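Please look at the sequence and the model shown here before reading on.

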Amino acid sequence: MVLSRIRIAWRDGEVTANLRETPSVNQLVAVLPCEASAQTWGEEVYFEIPVKATVEEDAEQVVPPGTVCFWVEGSSLALPWGRTPISEGDEPKLVTRCNVLGRIDGEARQLASVRPGDTITVTME
């Protein structure tokens with residue numbers, strides 16, 4: 001079930017995402033809008049958000065491109081669109097198991113234009 005939609009924007013682009021109903025999503029929605037400084041790790045963008053959550057039962061480490069994830073240990077949204085430095089195949093492999101929050105609409109590869117230090121803004125759509 002889709003709970004809500006968010007917009008993730010940066011200087012050179014934006015994507016929207018459908019979020020599921022999970023405890024981590026509820027916490028994310030409660031702190032929106034928010035801004036953060038982007039980091040990259042291979043073909044993944046991640047950035048810290050003011051959410052503290054625990055690892056959920058259905059957390060995953062290997063996810064399809066375009067999955068919206070919450071990295072518990074880093075208090076960060078993680079947005080992989082391709083291989084990371086620890087990927088073993090073509091699918092993104094996150095640094096640890098992460099909570100799966102939802103999916104980016106359309107082509108997640110748009111995230112490739114995000115540069116480290118870019119300001120990311122996350123809002124409700």
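The model is a predicted one, in which local features need pLDDT of at least 70 and side-chain atom pairs count only at pLDDT 80 or more, while totals for chains, interfaces and linings use all residues. Residues are numbered from 1 along each chain as its sequence is written, and side-chain values use heavy atoms, with hydrogens and water left out.

**Backbone features**

Most residues other than glycine have a negative phi, and most peptide bonds are trans. Against that background, the peptide bond from Leu 32 to Pro 33 is cis, with omega near 0°. Pro 33 belongs to the loop that runs between helix 1 (23–31) and strand 3 (34–37); helices (H or I, at least four residues) and strands (E, at least two) are DSSP runs, numbered from the N terminus. Ser 75, although it is not a glycine, has a positive phi of about 45°, and Ser 75 is found in the loop between strand 7 (67–71) and strand 8 (76–80). With a relative accessibility of 5%, Ser 75 counts as buried, where buried means under 20% relative accessible area, exposed means over 50% and partly exposed lies in between (1.4 Å probe, protein chains only).

**Strand 8 and its partners**

The hairpin of strand 7 and strand 8 has four residues between the strands, and Ser 75 is where the positive phi occurs. These two strands pair in the antiparallel sense over three bridges, pairing being counted if DSSP finds at least two bridges between two strands, and Phe 70 stands opposite Leu 77 of strand 8. Strand 8 also runs antiparallel to strand 5, to which five bridges join it; Tyr 46 has Ala 78 in strand 8 as its bridge partner.

In a regular strand the side chains alternate between the two faces of the sheet. In strand 8 both faces are covered, with Ser 76, Ala 78 and Pro 80 on one side and Leu 77 and Leu 79 on the other, all of them buried.

**Cysteines**

A search of the whole structure finds zero disulfides, a disulfide being a pair of cysteine sulfur atoms within 2.5 Å. Cys 34 is in no disulfide, and the nearest cysteine sulfur, that of Cys 69, is 16 Å away; Cys 34 is buried, at 11% relative accessibility. The sulfur of Cys 69 has its closest cysteine sulfur in Cys 98, at 5.6 Å, which is too far for a bond, and Cys 69 is itself buried, with a relative accessible area of 0%.

**Salt bridges**

Eight salt bridges are found in a search of the whole structure, each being a side-chain nitrogen of Lys or Arg within 4 Å of a carboxyl oxygen of Asp or Glu. The table gives three of them.

| Pair | N to O distance |
|---|---|
| Arg 7 and Glu 14 | 2.4 Å |
| Glu 43 and Arg 109 | 3.6 Å |
| Glu 88 and Lys 93 | 2.9 Å |

In the last pair listed, Glu 88 is exposed at 71% relative accessibility, whereas Lys 93, at 17%, counts as buried. Salt bridges that share partners join Arg 5, Arg 7, Glu 14, Asp 105 and Glu 125 into one network.
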